[in-house]
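Me: I've just opened this one and would like a quick tour. Can we go through it bit by bit?

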Amino acid sequence: MLKKLALIGVCTATAFAMHNVELNINDKDLELGAKLDMGQFNHAVDPDTVFVGMKFLKADKDHARPKDPDIKDYYELNFLMQRKVDNTGLTVGLGVKANHTEKFTTVPLGIEVKYKLPFTNTVPFYIGGSLYYAPQVLSMSDAKNYLEQRIQLDIEVIQNATILIGARNIETNYEVSGTTYDFRYNRSAYVGFRFAF
């Protein structure tokens with residue numbers, strides 16, 4: 001009984017500490033993500049500055065080049081530190097990810113930026129982007145490198161509920177039987193929702 005209560009307590013604490021959950025879709029891809037705000041766990045960390053998260057992408061072969069009929073799901077663990085630049089509406093972050101599919105495993109480093117558009121006070125609009133790159137030294141399995149680019153418009157229609165409109169591009173080079181292939185895992189636009197807790 002004590003074990004069950006402890007497990008329920010841990011799950012409840014995790015649920016209350018979750019900063020946000022995100023769902024992005026288009027006609028063929030499904031992306032799910034979650035981020036925990038470490039400031040809600042540790043009072044020595046300022047809220048909205050340090051995040052740990054995970055992401056899952058079920059990508060379709062039609063958004064890959066060359067088209068891969070056996071494209072595998074993408075899994076990611078991520079860590080981000082960010083800060084708001086005073087009186088500018090700009091937020092800048094530095095991050096690291098660990099991602100994996102059957103064709104590649106990499107640990108890219110990156111930068112993320114988000115800017116609150118100044119003319120949107122009643123309904124906040126944010127424009128942002130991210131760039132992550134892993135050279136060969138941070139690429140494992142058969143991967144030679146990794147590049148991920150995103151651009152996104154966030155519209156906070158309700159407090160803590162945001163509509164997302166964005167585009168992503170995920171590419172890597174990997175080696176099979178001594179031959180290196182350029183592989184675009186996914187390039188697509190999407191719409192989605194983010195809910196903050």
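Me: Where does Asp48 sit?
Reply: Asp48 is in the loop between E2 and E3. Keep in mind that this is a predicted model.

Me: OK, and what's the phi of Asp48 like?
Reply: Phi of Asp48 is near 65°, which is a positive value in a residue other than glycine. Most residues other than glycine have a negative phi.

Me: How accessible is Asp48?
Reply: Asp48 has 26% relative accessibility, so it counts as partly exposed.

Me: What about Asn160, what's its phi?
Reply: Phi of Asn160 is near 70°, again a positive value in a residue that isn't glycine. You'll find Asn160 in the loop between E10 and E11. With a relative accessible area of 39%, Asn160 is partly exposed.

Me: While we're on the backbone, is the peptide bond from Arg65 to Pro66 cis or trans?
Reply: That bond from Arg65 to Pro66 is cis, with omega near -5°. Pro66 is in the loop between strand E3 (50-58) and E4. Most peptide bonds are trans.

Me: Switching to charges. How many salt bridges are there in the whole structure?
Reply: The search finds 12 salt bridges. Side chains of opposite charge can pair when their charged atoms come close.

Me: Show me one. What does Asp29 meet in a salt bridge?
Reply: Its partner is Arg168, with N to O at 3.6 Å. This pair links distant parts of the chain, 139 residues apart: Asp29 is in the loop between strand E1 (18-25) and strand E2 (30-37), while Arg168 is in strand E11 (residues 161-176).

Me: Are Asp29 and Arg168 buried or exposed?
Reply: Both Asp29 and Arg168 are buried.

Me: Which residue does Glu148 form a salt bridge with?
Reply: That would be Arg150, and the closest N and O atoms are 2.8 Å apart. Glu148 is at 0% relative accessibility, so it counts as buried. Arg150 is buried too, with a relative accessible area of 13%.

Me: Which residues are linked in a network of salt bridges?
Reply: The network links Asp29, Glu31, Glu76, Lys97, Glu148, Arg150 and Arg168.

Me: And Arg187, what does its side chain meet?
Reply: Arg187 meets Glu171 in a salt bridge, 3.2 Å from N to O. Arg187 lies in strand E12 (residues 179-196) and Glu171 in strand E11, so the pair ties together parts that are 16 residues apart in sequence. Arg187 counts as partly exposed at 42% relative accessibility, and Glu171 counts as partly exposed at 25%.

Me: Now rings. How many aromatic pairs does the count come to?
Reply: It comes to 6 aromatic pairs. In one of them, the rings of Phe104 and Tyr146 have their centres 5.8 Å apart and their planes at 45°, so the pair is tilted. Phe104 is in the loop between strand E5 (90-100) and strand E6 (105-106), and Tyr146 is in strand E10 (residues 143-158), so this pair ties together parts 42 residues apart in sequence. Both Phe104 and Tyr146 are buried.

Me: How are the rings of Phe183 and Tyr185 arranged?
Reply: Their centres are 6.3 Å apart and their planes are at 70°, so Phe183 and Tyr185 make an edge-to-face pair. Phe183 counts as buried at 3% relative accessibility, and Tyr185 counts as buried at 1%.

Me: Which residues form the aromatic cluster?
Reply: Tyr74, Phe104, Tyr146, Phe183 and Tyr185 form one cluster.

Me: Which ring does Lys97 lie over?
Reply: Lys97 lies over the face of Tyr132, at 4.2 Å from the ring centre. Elsewhere, the charged end of Lys114 sits over the ring of Tyr126, 5.1 Å from its centre.

Me: What's the lining of the largest pocket like by class?
Reply: There are 15 nonpolar, 17 polar and 14 charged residues in that lining.

Me: And how much space lies in the largest cavity?
Reply: About 40 Å³. The residues lining the largest cavity include Asp68, Lys103, Phe183 and Tyr185. By class, its lining has 3 nonpolar, 1 polar and 4 charged residues.

Definitions and conventions
Residues are numbered from 1 along each chain as its sequence is written. This is a predicted model: local features need pLDDT of at least 70, side-chain atom pairs count only at pLDDT 80 or more; totals for chains, interfaces and linings use all residues. Side-chain values use heavy atoms; hydrogens and water are left out. Ala, Val, Leu, Ile, Met, Phe, Trp, Tyr, Cys and Pro count as nonpolar, Asp, Glu, Lys and Arg as charged, and the others, Gly among them, as polar. A salt bridge is a side-chain nitrogen of Lys or Arg within 4 Å of a carboxyl oxygen of Asp or Glu. Helices (H or I, at least four residues) and strands (E, at least two) are DSSP runs, numbered from the N terminus. Buried means under 20% relative accessible area, exposed over 50%, partly exposed in between (1.4 Å probe, protein chains only). On a 1 Å grid over the protein atoms alone, a cavity is a set of points where a 1.4 Å probe fits but cannot get out, and a pocket is an open set with protein on both sides within 12 Å along at least five of seven lines; lining residues have an atom within 4 Å of a point. Grid points are joined across faces, edges and corners, and a volume is the space filled by probe spheres set on the points. Rings of Phe, Tyr and Trp (its six-membered ring) pair if their centres lie within 6.5 Å; planes under 30 degrees apart count as stacked, over 60 as edge-to-face and the rest as tilted. A charge sits over a ring if NZ of Lys or CZ of Arg is within 6 Å of the ring centre and within 35 degrees of the ring normal.
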